[in-house]
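Below is a short report on one structure. It covers a sheet, a helix, a loop residue and some charged pairs.

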Amino acid sequence: QSSSEAIAGTPIPRDVPRSNIVFSAHKYVSNGRVPDVMYIVYVDPESYSQISDQDVLSEVGHAIGTLNKHLPHRQFILIGPGRWGSRGDVRLGVSVTYSDINNTAMLIEVARKKGNYVPDLSFGTHFFQDLVESGIRYLPLYPDEPGVIFHEAFLTRSQNFLAQFAPEYAHLDKTIRVVDVRQASGGHVLRVAMNADTDQALAYIARPTTNGHSSRPTMTGLAAADHGDNEWRMLVAEKLAAGLDTARFGVIGCWLTGSTAEGTSGPKSDIDLLIHFKGTAEQRTFLEIWLDGWNSSLSEINFLRTGMRVEKMLDAQFLSDGDIAGRSGYAERIDAKTNPALLLTIKCT
């Protein structure tokens, strides 16, 4: 899969909070990128291994085929134990054919250690040619390897939507879990970056995009023209919020609103922030100076990108506890029915 000319390695973001990472990998990784995943279908390895009835094991495969028909095309991924498509002993992996998985964006095989034994994976070989031709990404996961992150609680404790998409298989809800990523993460999606050169992969929660490009590229080359007006403004807003230290500035919440949040910003647009401030007068002074420094830098970057000088690139409105509680003034945008403000992750210390 990595040798395809159409597939290039995706840079692995380094600034993703650990709490936003669903899984990582650093073994047998191919190149690729899977953007804006809305659903995760997770076949729990432990639950699957405890099924002794051959008919029930086959039912799991049939359920996956049903989900494959009803979930949105290329907007879900499949995660399951061992060898997807096992033809012999189906206890080694879910028994499916290519037609049962052909709408997925990604196929992931999980190898959980059992004592000193790590089960063999198929590495997608049961459907390899089909996966390559259809652009379905493949990844092996070794959750027990040192340095690997596997946030299984996100998969097992989020609400299970199996009955909604495959009601006839609702009795398998202990084994098959369908996670609505947007519902579980407050409107965000899952994004997967894979890089064969570094042998690394990262699946993380991020703000959805409409163009399929990551909203969290590295800061390198920010002033270059390879990011659209809205994309680089979104990146800036996320970076800026990540630097809002609660202890230093007295900030306890930050939202993005206006044209950048709505995806309609242009070369003359500013970046509108709502900041829940609960600090001292001294902290507010420090915060205003810090934001002014960001504003000056961003004004210069925008000029280098577009040739247009925007003196006020940041429009930050401070909100009090009363504003938040009563959703008064600018705070009413937080829960607006149309184009609500987007909650950004701040640095809590």
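In which sense do β1 and strand β9 pair, and over how many bridges? The pairing of β1 with β9 (residues 200-206) is antiparallel and runs over four bridges.

## Basis of the model

The model is predicted, and local features need pLDDT of at least 70, side-chain atom pairs count only at pLDDT 80 or more, and totals for chains, interfaces and linings use all residues. Residues are numbered from 1 along each chain as its sequence is written, and side-chain values use heavy atoms, with hydrogens and water left out.

## The four-stranded sheet

Strands (E, at least two residues) and helices (H or I, at least four) are DSSP runs numbered from the N terminus. Two strands count as paired if DSSP finds at least two bridges between them. On this basis β1, β9, β8 and β2 form, in that order, an open sheet of four strands with antiparallel pairing. The edges are taken by β1 (21-25) and β2 (32-37); each has a single partner strand, so one side of each is left without a neighbour in the sheet. On average, neighbouring strands of this sheet are turned by 10° against each other, direction ignored; the axes are lines fitted to C-alpha atoms, and angles run from 0 to 180 degrees between N-to-C directions.

On strand β8 (residues 189-195), seven antiparallel bridges join the strand to β9, and Met194 is the bridge partner of Ala201. The hairpin of β8 and β9 has four residues between the strands, and Asp199 there takes a positive phi near 55°. Six of the seven residues of β9 are buried, where buried means under 20% relative accessible area, exposed over 50% and partly exposed in between (1.4 Å probe, protein chains only).

## Helix α10 and Asn302

Helix α10 comprises residues 281-306. Its 26 residues should span 38 Å at 1.5 Å a residue, and the end C-alpha atoms are 37 Å apart, which agrees; the expected span is 1.5 Å times one less than the number of residues. The buried residues of α10 include Trp290, Leu291, Asn295 and Arg305. Gly307 follows α10 and has a positive phi, near 80°.

Beyond its neighbours within four places in sequence, Asn302 is in contact (heavy atoms within 4.5 Å) with Trp232, Arg233, Pro267, Gly307, Met308, Val310 and Met313.

## Asn103 in a loop

Asn103 is placed in the loop between β4 (76-81) and β5 (106-110). With a relative accessible area of 19%, Asn103 is buried. Asn68 is 35 residues away from Asn103 in sequence, and their C-alpha atoms are 5.9 Å apart. Not counting residues up to four places away in sequence, Asn103 touches Asn68, Lys69, His73, Arg74 and Phe76.

## Salt bridges

There are ten salt bridges in the structure, each a side-chain nitrogen of Lys or Arg within 4 Å of a carboxyl oxygen of Asp or Glu. One of them joins Asp245 and Lys347, with the closest N and O atoms 3.9 Å apart. The two are 102 residues apart: Asp245 is in the loop between α7 (229-242) and α8 (246-249), and Lys347 in the segment after β13 (342-343). Asp245 is buried at 14% relative accessible area, whereas Lys347 is partly exposed at 42%.

Lys278 and Asp321 form a salt bridge at 3.3 Å, N to O. Lys278 lies in the loop between β11 (271-277) and α10, and Asp321 in helix α11 (residues 321-326), so the pair ties together parts 43 residues apart in sequence. Lys278 is exposed at 54% relative accessibility, while Asp321 is partly exposed at 34%.
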